[in-house]
Amino acid sequence: MTQHRITLLPGDGIGPEIMAVTVQILEAIAPRFDLEFVFTEALIGGVAIDATGNPLPPETLTQCQNSDAVLLAAIGGYKWDNLPRAQRPETGLLGLRAGLDLFANLRPATILPQLIDASSLKREVVEGVDIMVVRELTGGVYFGQPKGIFTDETGQKRGVNTMAYTESEIDRIAQVGFETARKRGGKLCSVDKANVLDVSQLWRDRITAMAPQYPDVELSHLYVDNAAMQLVRAPKQFDTIVTGNLFGDILSDAAAMLTGSIGMLPSASLGAPGKPGVFEPVHGSAPDIAGQDKANPLAQVLSAAMMLRYALDQPAAAACLEKAVITVLDQGYRTGDIMSEGMTLVGCQAMGEALLKALA
Ligand code: NAD
């Protein structure tokens, strides 16, 4: 029996509801794959602020660092929106990414045939879309120095952020991009703004220099404005996209929306080999529906599947969860966010029960 230590971070809003369903599912599949999960819950976000005054208590970070993987739900809510930045829930999330050195964020955007009509784009444009966005997560303009709001010599305020990447930062994310493309359709598109930004020119040079190591991967480059356009014009041309922090933030949300519902999208954030990754849904804490048993737990369940595949090396167990998700959709079960005519509307718990039945 293989034992895996998983830190659970349910967080705020709908987080505890979707986490409860996901833990049930993981426990249900464990014996089938001869796995033992040792779950330990820890505080992050608003609940951590309420309990300790800190959105990422040091014991949470230590707990995460000592586990094999971290399963996170979502953080944030109206209650904490007006706190100083250092005490906001989002600061806890950034601290977790930095503390675990999670430099690579993998976000799949896959159109499921059962949900094709939930997309805002035409069926023929999105049918068959299967994109993986690999976003650099710990560098670029969100972290570059100097940053801040300064007063210049004329007394005028000036806001400053710095977009910077070192060669090694580019090389390690490029490597994740190439390796990911190699395991998928063998096509990697690097997105930058090399026609204007020096930092992007270095990005493009390093990625191009790495390409000969991956002769089986077809590399292309796009400027970010064109990439945004192509994503909504002809998304099927993309297989794997690798890009920096800011561009990845925007493009991964646009790619996500091709699929119709944010309640369906998982993500993985990976650090150095052997270090724990964080697996979480793309959506937030949905405070508007929290505590009402309306949340869609499928993105959280699919995040657990990514955890099984990328962190715990259990592809068969991952495929089993993914299959259960397809089965419940085929059976017509829908939460409110993906509901359409003729389908059966269910809440979060009932969706969990349908998943358990599908697994059985
Ligand atoms: P959100 O993703 O929480 O919600 C956007 C809309 O999608 C809402 O109408 C919500 O009801 C719906 N939705 C989201 N997830 C759903 C699900 N699983 N099932 C059904 N419907 C779902 O984004 P927001 O409203 O911009 O942010 C709410 C809070 O979440 C804010 O405090 C924000 O800072 C935080 N947030 C956290 C994360 C994270 O934890 N990684 C990400 C984004 C936003």
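Colleague: At roughly what angle do the axes of helix α10 and helix α11 cross?

Modeller: Please keep in mind that this is a predicted model. In it, the axes of α10, which covers residues 298-311, and α11, which covers residues 315-330, cross at roughly 160° and come within 7 Å. With angles over 145 degrees counted as roughly antiparallel, that angle makes α10 roughly antiparallel to α11.

Colleague: And which hand does the crossing of α10 and α11 have, left or right?

Modeller: The crossing in which α10 passes α11 is left-handed.

Colleague: Which residues meet there?

Modeller: From α10 the contact uses Leu298, Val301, Leu302, Ala304, Ala305, Leu308 and Arg309, and these meet Pro315, Ala317, Ala318, Ala319, Leu321, Glu322, Val325 and Leu329 in α11. Sorted by class, the residues of this contact are 13 nonpolar and two charged, with no polar ones.

Colleague: How does α1 pack against α11?

Modeller: Helix α1, residues 15-29, packs with α11 at an angle of about 125°, and their axes are 11 Å apart. That angle makes α1 oblique to α11, and the crossing of the two is right-handed. The contact is made by Ile25, Leu26 and Ile29 on the α1 side and by Ala317, Cys320 and Leu321 on the α11 side. By class, this contact has six nonpolar residues, no polar and no charged.

Colleague: OK, what about α6 and α7, at what angle do their axes cross?

Modeller: The axes of α6 (residues 167-183) and α7 (residues 198-210) cross at roughly 50° and come within 9 Å. That makes α6 oblique to α7, and α6 passes α7 in a right-handed crossing. On the α6 side the contact is made by Glu167, Ile170, Asp171, Ile173, Ala174, Gln175 and Phe178, while α7 brings Leu202, Trp203, Arg206, Ile207 and Met210.

Colleague: How do the residues of that contact of α6 with α7 divide by class?

Modeller: They divide into eight nonpolar, one polar and three charged residues.

Colleague: Switching to the ligand, how many residues surround it?

Modeller: The ligand is surrounded by 20 residues, and the closest are Glu90, Gly284, Ala286, Asp288 and Asn296.

Colleague: How far is the backbone N or O atom of Gly284 from an oxygen atom of the ligand?

Modeller: For Gly284, a backbone N or O atom lies 2.7 Å from a ligand oxygen atom. Ala286 also places a backbone N or O atom by an oxygen atom of the ligand, at 2.8 Å, and a polar backbone atom of Ser285 is 3.1 Å from an oxygen atom of the ligand.

Colleague: Next, the backbone itself. Where is there a cis peptide bond?

Modeller: A cis peptide bond joins Gln145 and Pro146, and its omega is about 0°. Pro146 has its place in strand β6, which spans residues 144-151.

Colleague: And what is phi of Asp293?

Modeller: Phi of Asp293 is near 55°, which is a positive value in a residue other than glycine. Asp293 is found in the loop between β12 (277-281) and α10, and that brings us back to the helix we began with, the one whose axis crosses that of α11 at roughly 160°.

How values were computed. Residues numbered from 1 in each chain as written. Predicted model: local features only at pLDDT ≥ 70, side-chain atom pairs only at ≥ 80, totals over all residues. Heavy atoms only, no water. Axes fitted to C-alpha atoms, helices over the stretch in contact; angles between N-to-C directions. Helix = DSSP H or I, 4+ residues; strand = E, 2+ residues; numbered from the N terminus. Parallel < 35°, antiparallel > 145°, perpendicular 65-115°, else oblique. Left-handed = near helix turned anticlockwise from the far one by under 90°. Contact = heavy atoms within 4.5 Å. Nonpolar A, V, L, I, M, F, W, Y, C, P; charged D, E, K, R; others polar. Near = heavy atom within 4 Å. Polar contact = N/O pair within 3.5 Å; in protein donor to acceptor, adjacent residues only side chain to side chain.
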